Amino acid sequence: MYSVTVKQNLFYRTEKRKIGQLFYRMKTLPLPSVFIGIHLYTKLINMIKPYKPLLLSFLCLFMGGCDMIDYHPYDVRISGETDVNAHNIAEIEQKCKDKTTIKFVTMGDSQRWYDETLDFVGEINKRDDIDFVIHGGDMSDFGVTDEFLWQRDIMNKLHVPYVTLIGNHDCLGTGEETYRAVFGDPNFSFIAGRIKFVCLNTNAMEFDYSRPIPDFTFLENEITDRKDEFDKTVVSMHVRPYADQFNNNVARVFHRYVTGFPGIQFCTAAHEHHVFEENLFEDGIMYYMSDCMKNRNYYIFTITPDGYEREVVYF
């Protein structure tokens, strides 16, 4: 739009240097030199006048492009769907009501692996036998607002409902605030068929023991809440007991609450970026840990009246 000759360019540099010198002189003025400052300010305004049309053009461009501006990576400005878990829980409970066999997927740690997560969604959408998906947490890597929104938009492409737990990376910066706005309370539960799914925040180290994590009051209430509607229980979390982020001072107390649930089937977790399973407390209650999306696999669990089966699927 503007052709700048060498002469014009030299003139611009000269004027820019003069403006800089004026600012420096104004900065170093003693307080009594108010009138000199006003004189310099007037001179500055006169020097800027030739560039007024250009400055106005930049101002209009700036104001017209406000939607393109990220105010701050942790600004918690949420666009799109909020309270995702609540919406999807309503769908899960309605869809699974009176079902005696429940088939669901667990996965986690999608954080920076957007392409792999999109491929995962495509794989699940090819199937017609999955009731819902549990994302085991760590949607974000740094707790940045956009990370949650990008991952939410990918997961929203699923043809089945899903819920998302909070991971330790999701607690960084303003991540917990964003998680609550987009997905809801970090401790929640739902019932599919006659199976209660208890989903927990177990990222104790991210809160420096300033809050009760895991929340035993929540767990105790969940043992009896809606007790006439379920016979079996699955407990899901991001960090398992004895992992680095768990409050391991209370690991055994936590597991005692877990075994207090009617018909406890097993527990699921994520966090450690590889798939494995372990009888952590040597009492037959298995903990199944999902891989990260980088490694392109997920668990499928099928719970029937006679027990349960699990399978690791690679894609």
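Helices H5 and H6 are roughly parallel to each other, because their axes cross at roughly 25 degrees and angles under 35 degrees count as roughly parallel (over 145 roughly antiparallel, 65 to 115 roughly perpendicular, the rest oblique). This is a predicted model, in which local features need pLDDT of at least 70, side-chain atom pairs count only at pLDDT 80 or more, and totals for chains, interfaces and linings use all residues. Residues are numbered from 1 along each chain as its sequence is written, and side-chain values use heavy atoms, without hydrogens and water.

Stay with the first pair. H5 covers residues 114-125 and H6 covers residues 145-155. Helices here are DSSP runs of H or I with at least four residues, strands are E runs of at least two, and numbering starts at the N terminus. The H5 and H6 axes come within 9 Å. Axes are lines fitted to C-alpha atoms, for helices over the stretch in contact, and angles run from 0 to 180 degrees between N-to-C directions. The crossing is right-handed, meaning the near helix is turned clockwise from the far one by less than a right angle (anticlockwise is left-handed). Contact means heavy atoms within 4.5 Å. On the H5 side, Tyr114, Thr117, Leu118, Phe120 and Val121 take part; on the H6 side, Glu147, Trp150, Gln151, Ile154 and Met155. These residues divide into 7 nonpolar, 2 polar and 1 charged. Ala, Val, Leu, Ile, Met, Phe, Trp, Tyr, Cys and Pro count as nonpolar, Asp, Glu, Lys and Arg as charged, and the others, Gly among them, as polar.

H6 has another partner, H7 (residues 175-182). Their axes lie 9 Å apart, at an angle of about 35 degrees. This crossing, too, is right-handed. Thr145, Phe148, Leu149 and Arg152 of H6 meet Gly175, Thr178, Tyr179 and Val182 of H7. By class, that gives 4 nonpolar, 3 polar and 1 charged residues.

Next, take H8 (residues 216-224) and H9 (residues 251-259). Their axes come within 9 Å and cross at roughly 15 degrees, so H8 is roughly parallel to H9. Here the crossing is left-handed. H8 contributes Phe216, Leu219, Glu220 and Ile223, and H9 contributes Val253, Phe254 and Tyr257. The contact holds 6 nonpolar residues, no polar ones and 1 charged.

Now the sheet. It is open, with 5 strands in the order E3-E2-E1-E10-E11 and mixed pairing. E3 (162-164) and E11 are the edges; each has a single partner strand, so one side of each is left without a neighbour in the sheet. Neighbouring strands are turned by 20 degrees against each other on average, direction ignored. Strands pair if DSSP finds at least two bridges between them.

Look at E1 (residues 102-107). It runs parallel to E2 (residues 132-135), with 4 bridges. Phenylalanine 104 pairs with phenylalanine 132, and methionine 107 stands opposite histidine 135. Toward E10, E1 pairs in the antiparallel sense over 5 bridges. There, threonine 106 partners tyrosine 299. E1 is largely enclosed by the rest of the structure, because 5 of its 6 residues are buried (under 20% relative accessible area with a 1.4 Å probe, protein chains only; exposed is over 50%, partly exposed in between).

E10 (residues 297-304) also runs antiparallel to E11 (residues 307-314), through 8 bridges. A hairpin of 2 residues links E10 to E11. Threonine 302 has glutamate 309 as its bridge partner. Finally, helix H4 (residues 84-96) lies across E1, E2 and E3, at about 140 degrees to E3.
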